[in-house]
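Subject: Structure handover

Dear colleague,

Please find the structure below, followed by notes on what was found in it.

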Amino acid sequence: ELQASNRELESFSYSVSHDLRAPLRALDGFSRILLDDFYDSMPEDAKGYLKRIREAAQQMAQLIDDMLRLSRITRAELRYETIDLTQIAQRVLQNLSLHEPDRNVQVTVEEGLLTRGDEGLLRIVMENLLSNAWKFSVQSNPAKIEVAKTWLDGKETFFVRDNGVGFDMAYADKLFAVFQRLHSPSEFPGTGIGLAIVQRVIHRHGGRIWAESAPGEGASVFVLLPAADGDGGEAAGGAAA
């Protein structure tokens with residue numbers, strides 16, 4: 001019954017995503033045509049309204065993509081292997097820098113950050129955590145992003161730290177919830193699903209994730225993966241890196 005229910009939910013998700021994408025593409029496409037073909041004859045207010053329509057349609061499309069991504073992660077089969085988080089983090093940060101080459105960002109990535117897990121899913125974790133660190137430190141000059149490990153209660157724990165806007169720990173329980181945002185979309189773009197995806201991946205690995213922060217003092221996100229310190233968890237036989 002559970003498998004049948006999951007299949008029905010999966011079918012519903014894809015059906016909804018397909019049905020929603022068509023009108024969104026129409027909104028975005030026809031708005032773009034109006035801007036391209038009638039730009040010179042439009043009042044400034046009309047141009048602004050059409051741009052806002054396009055932005056809203058594109059944001060909704062991204063929201064659908066993120067929802068489907070979250071659904072897939074729930075069902076994906078885990079494939080365990082030794083993962084070099086150092087290399088993954090360096091690649092992600094290089095890509096972020098290519099998109100915003102004028103940003104003054106000081107990056108520190110510790111060597112030898114090894115663990116065991118599903119490479120594709122842990123790459124998603126690093127992409128989300130580092131994209132957030134990059135985004136929320138945009139007002140800092142220089143911005144500082146650190147990827148490293150520490151030992152907490154005798155367990156090897158990875159962390160991503162930035163010197164960005166931070167957040168009030170009174171709202172920390174909302175941080176990993178779907179659609180919950182601690183900053184308005186006008187300040188920082190996003191759909192509010194990224195950290196929910198990250199938490200789902202870490203939980204599927206039998207691990208734990210949490211954050212520490214204060215307003216204006218940056219944020220640190222900690223990830224404890226059982227395979228990193230030999231606790232085993234769901235990792236293949238509990239093998240340690």
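Contact here means heavy atoms within 4.5 Å. Leaving aside neighbours within four places in sequence, Ile 83 is in contact with residues including Leu 113, Leu 114, Thr 115, Gly 117 and Leu 122. This is a predicted model, in which local features need pLDDT of at least 70 and side-chain atom pairs count only at pLDDT 80 or more, while totals for chains, interfaces and linings use all residues. Residues are numbered from 1 along each chain as its sequence is written, and side-chain values use heavy atoms, with hydrogens and water left out.

Ile 83 lies in strand 1, strands being DSSP runs of E of at least two residues and helices runs of H or I of at least four, both numbered from the N terminus. Ile 83 is buried, with a relative accessible area of 1%, where buried means under 20% (1.4 Å probe, protein chains only). Strand 1 (residues 80-84) runs antiparallel to strand 3, to which five bridges join it, and Tyr 80 stands opposite Asp 118 in strand 3. Because four of the five residues of strand 3 (residues 114-118) are buried, strand 3 is largely enclosed by the rest of the structure.

Best regards

Methods. Buried means under 20% relative accessible area, exposed over 50%, partly exposed in between (1.4 Å probe, protein chains only). Two strands pair if DSSP finds at least two bridges between them.
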